[in-house]
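Subject: Structure handover

Dear colleague,

Please find the structure below. My notes on its cores, cavities and disulfides follow.

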Amino acid sequence: MGCCGSTERTKREWRPLEDRSCTDLPWFLLFTVFCVGMGSICGFTIVTGGAARLVFGYDSYGNTCGQRNEQIEGVRLSGLDHRDRKFVFFLDPCNIDIVQRKIKSMALCVSLCPPEELKTYQDLKRFAMVNGSELCSYELAGHKYPGLPERFSKCPKLPVPPSKPLPVFNRCTPVDISCYAKFAEAVVTFVGDNSVLHRLIAGVAASKEIIIGLCVLALVLSMLLMVIIRYISAVLVWILTSLVVLGSLAGTSVLWWLYIDHRLYGNDTTVKITKEVKDEVEVRRDSGQALLVYAIAATVFTIILLLLMLFMRKRVALTIALFHVAGKVFLHLPLLTLQPFVTFLALLLFWIYWILVLLFLGTSGNPVQNEETGLTEFRLTGPLQYLTWYHAVGLVWISEFILACQQMTVAGAVVTYYFTRDKTRLPVTPILSSVLRLVRYHLGTVAKGSFIITLVKIPRLVLMYIHNQLKGKENACARCLLKTCICCLWCLEKCLNYLNQNAYAATAINSTSFCTSARDAFVILVENALRVATINAVGDFVLFLGKILIVTSTAFAGVLLLNYQRDYAEWLLPLIIVCLFAFLVAHCFLSIFEIVVDVLFLCFAIDTKYNDGTPGKEFFMDKALMEFVESSRRLERAVERGRSRVKEAVSEGAEMKPMAPGTSSA
């Protein structure tokens with residue numbers, strides 16, 4: 001679908017087009033409408049007071065603190081003027097519902113949080129008289145606190161701990177948070193001793209400078225690895241291949257050795273076995289048969305693996321060449337290294353917005369009295385309760401949309417690099433040019449691709465939620481069925497992600513719609529199925545080794561630095577934090593490298609299919625890939641010459657074969 005009257009091209013030129021057209025315009029409009037709906041939810045929470053109730057807080061009678069309130073029908077003590085009462089005070093702040101993760105205590109709006117401990121009701125009276133902040137229910141007079149019979153249920157639990165308001169949300173929070181120990185234990189279930197938790201937190205606080213330094217080190221190592229991997233890719237790939245082959249041979253040998261040893265041991269002991277131990281004999285026989293099956297299966301696997309390595313050795317060389325070219329891409333397009341930062345920043349801003357709106361939804365809706373506590377709460381009822389589901393779908397779709405925009409941006413820049421023969425004539429900022437093309441022409445394609453991923457991801461997340469809720473309650477058959485469905489959906493999601501990525505690259509080349517690009521890319525990938533399998537298997541494992549290298553290097557540096565700091569005992573938690581951050585950073589950067597390799601392969605496959613190096617059909621590929629093509633052609637010519645010589649030898653042998661006796665003429 002084009003825009004502005006343009007029509008989609010039917011001829012595949014397979015090179016970046018200058019005269020582009022809009023793709024998948026209806027999907028862009030649909031995504032725009034969906035985003036307007038997401039914004040409308042935020043507007044609804046603001047208009048109905050949900051945002052104000054979250055920020056300013058509200059009491060147990062439905063009154064928002066710091067504002068003049070309207071009367072709520074059926075709720076006593078509602079509709080009060082709280083313009084001089086700006087803080088929320090909980091009568092029993094330590095009464096926490098661990099399951100629902102919220103405070104169950106009655107809440108009141110007060111003008112001042114108690115800065116010091118109040119031990120008696122006389123102290124409550126004096127605090128109310130001096131500061132004008134009444135800490136008991138509104139219908140109780142401050143000067144009568146000590147003698148009122150309702151003081152035990154409508155006044156704060158004694159002693160009242162000193163508290164101070166939170167900076168933004170205006171809740172009176174106890175200065176000493178020891179009463180939240182049970183809640184902390186519920187969150188951090190692996191900590192059984194509070195002293196351990198305190199030492200771990202102290203370790204993080206004391207080593208914050210080292211943690212920041214190690215995080216920067218992981219960032220630098222990730223950026224360096226993307227540049228130098230072109231020089232070490234050959235070594236890594238062949239080391240990996242050798243280790244896999246040797247590991248398979250070693251595993252097969254061990255299994256056969258165990259089987260032979262079991263047979264010899266069994267033959268030595270069968271003479272001593274009496275009739276009473278026939279069961280043991282049966283067990284030994286079953287064990288021997290199992291070892292034999294394992295050994296045969298391992299042998300078959302090893303033979304298949306060796307044959308695959310033999311026939312796919314040329315394709316391993318292609319993987320090395322693609323890694324080499326990918327390193328050059330990052331040298332010519334250094335702004336590619338900023339893509340993880342931009343994507344992470346966009347995701348972070350969206351997630352913060354999404355969480356805020358979700359919290360707004362939690363305090364929006366109609367006032368409802370809790371039957372258990374009698375307190376007033378705000379809940380979405382009727383059709384409004386589906387706003388939360390709409391908001392949840394928005395989390396998945398828009399997050400996938402942002403990730404897809406990154407893939408399209410990288411694909412557009414790499415395509416421009418590949419199909420530009422003279423690298424000195426590259427655009428000044430290929431990344432910025434790719435972003436502009438995306439925004440101007442291809443947002444609909446990205447929206448459609450991300451929606452397809454959303455359709456698969458949401459059912460998987462729902463099944464995972466059901467599985468967690470039913471853990472320990474469902475039978476074995478249901479549990480197996482749920483896990484199978486989750487696994488199948490995960491595999492489908494991974495396959496669609498890979499196809500989407502190649503579809504975006506095809507769109508960046510030909511400016512075609514998503515479905516057309518996906519079909520064209522799929523045809524190219526099927527024609528090069530063995531190459532795809534080799535690149536994905538070998539390349540992904542090499543990148544995984546790169547991630548492990550960054551994590552282990554950062555962890556080693558962390559051990560040295562944290563061990564040098566001897567003013568605290570526990571540095572396990574800081575090291576875990578550093579390792580997690582290092583893996584996250586390495587994954588983000590090497591994922592960009594993986595996208596670059598995949599796009600380069602698609603361009604290479606297209607180049608070799610539609611060009612042959614003759615005048616008018618010159619290759620676009622880099623020198624390293626050209627050398628691979630030339631070596632492949634030399635090998636093919638050598639094989640062809642060998643076949644022709646065999647045919648000539650066979651034909652000559654047939655001509656020189658003597659005639660059978662008796663066939664000559666008289």
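**Disulfides and buried cysteines**

Cysteine 113 is buried, with a relative accessible area of 4% (buried means under 20% relative accessible area, exposed over 50%, partly exposed in between, with a 1.4 Å probe and protein chains only). The model is a predicted one, in which local features need pLDDT of at least 70 and side-chain atom pairs count only at pLDDT 80 or more, while totals for chains, interfaces and linings use all residues. Residues are numbered from 1 along each chain as its sequence is written, and side-chain values use heavy atoms, with hydrogens and water left out.

Cysteine 113 is joined by a disulfide to cysteine 172, S to S 1.9 Å (a disulfide is a pair of cysteine sulfur atoms within 2.5 Å). The torsion about this S-S bond is about -75°, so the disulfide is left-handed. The pair links distant parts of the chain, 59 residues apart: cysteine 113 is in the loop between S4 and helix H3 (121-131), and cysteine 172 is in strand S6. Helices (H or I, at least four residues) and strands (E, at least two) are DSSP runs, numbered from the N terminus. Cysteine 172 is also buried, at 6%.

The count comes to three disulfides. Another joins cysteine 65 to cysteine 109, S to S 1.9 Å. With a torsion of about -80°, the disulfide of cysteine 65 and cysteine 109 is left-handed. Cysteine 65 lies in the loop between helix H2 (50-56) and S1 and cysteine 109 in strand S4 (residues 107-110), so the pair ties together parts that are 44 residues apart in sequence. The relative accessible area is 1% for cysteine 65 and 0% for cysteine 109.

Cysteine 136 and cysteine 155 are joined as well, S to S 2.0 Å. Here the torsion is about 115°, so the disulfide is right-handed. Cysteine 136 is in the loop between H3 and helix H4 (151-154) and cysteine 155 in the loop between H4 and strand S5 (163-165), 19 residues apart. Both cysteine 136 and cysteine 155 are buried.

**Nonpolar cores**

The largest nonpolar core has 58 residues, and those with the most contacts inside it are Tyr418, Phe593, Val596, Leu600 and Leu625. A nonpolar core is a set of buried Ala, Val, Leu, Ile, Met, Phe, Trp, Tyr and Cys residues joined through side-chain atoms within 4.5 Å. Its largest share, 17 residues, comes from H16. Apart from this core lies another, of 31 residues, including Cys65 and Phe89.

**Cavities**

The whole structure holds three cavities of 30 Å³ or more. On a 1 Å grid over the protein atoms alone, a cavity is a set of points where a 1.4 Å probe fits but cannot get out, and lining residues have an atom within 4 Å of a point. Grid points are joined across faces, edges and corners, and a volume is the space filled by probe spheres set on the points.

The largest cavity has a volume of about 80 Å³. Among the residues that line it are Phe89, Lys157, Ser163 and Cys172. Strand S1 (87-90) and strand S6 (172-174) each supply at least two residues of this lining.

The second largest cavity has a volume of about 50 Å³. Its lining includes Phe323, Asn536, Asp540 and Glu594, and the largest share, five residues, comes from H15.

Regards

Key
On a 1 Å grid over the protein atoms alone, a cavity is a set of points where a 1.4 Å probe fits but cannot get out, and a pocket is an open set with protein on both sides within 12 Å along at least five of seven lines; lining residues have an atom within 4 Å of a point.
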